[in-house]
Amino acid sequence: MTNSFVHTDMATEHTGVLRVEAAAENLKSTFSGKGVGQSLVLAAIVAAVLVGANRLIDSVAGGSHWIAGWALLWAVAFVAIALLAAPARNLSSSLRALGTTWSQEHRRAAEDEKTWEAALRDSRVMADLNRAMSDAAVSFYHKNY
């Protein structure tokens with residue numbers, strides 16, 4: 001008898017799962033770039049400028065010249081994007097550097113705390129720390145005095 005009830009030509013992976021995985025990878029690669037932070041900072045600054053311009057235009061025009069106000073608002077938007085791109089890039093870079101510095105300092109402080117806790121529990125670690133600190137003090141003294 002050659003009939004078989006097992007069909008091996010069926011897919012082994014669900015196509016919906018494959019699509020979700022591809023979409024997640026696409027989102028991950030989209031938001032992991034260097035320029036994303038710069039774009040978000042620029043968008044926030046331009047949005048703040050546009051809110052101020054919109055309030056100014058509404059108070060001056062009073063609702064009667066909405067086409068001119070709309071055109072002026074778009075002009076302000078494009079000028080703000082052009083003028084604020086470099087400062088937003090600089091702000092984004094400095095914020096990234098600040099965040100990196102903070103995370104490194106936080107990591108070092110956590111490592112120091114763990115080492116100190118280990119030294120309080122083990123006299124050998126405390127002796128190693130004392131020796132390292134005294135060697136550093138001696139070399140600092142010889143180098144500077």
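Tutor: Residues 24 or more positions apart account for 59% of the contacts in the chain with a separation of 6 or more, where contact means heavy atoms within 4.5 Å. The model is predicted: local features need pLDDT of at least 70, side-chain atom pairs count only at pLDDT 80 or more, and totals for chains, interfaces and linings use all residues. Residues are numbered from 1 along each chain as its sequence is written, and side-chain values use heavy atoms, with hydrogens and water left out.

Student: Why is Ser92 called buried?

Tutor: Buried means under 20% relative accessible area, exposed over 50%, and partly exposed in between (1.4 Å probe, protein chains only). Ser92 has a relative accessible area of 6%, and is therefore buried.

Student: Which residues is Ser92 in contact with, leaving aside its neighbours within four places in sequence?

Tutor: Ser92 is in contact with Gly37, Gln38 and Val41.

Student: Why is Phe78 called exposed?

Tutor: Its relative accessible area is 54%, so Phe78 counts as exposed. Phe78 is found in helix 3, which covers residues 66-121; Ser92 is found in helix 3 as well. Helices are DSSP runs (H or I, at least four residues), numbered from the N terminus.

Student: How many helices and strands does the chain have?

Tutor: There are 4 helices and 0 strands, strands being DSSP runs of E with at least two residues.

Student: What share of the chain counts as buried?

Tutor: Of its 145 residues, 10% count as buried.
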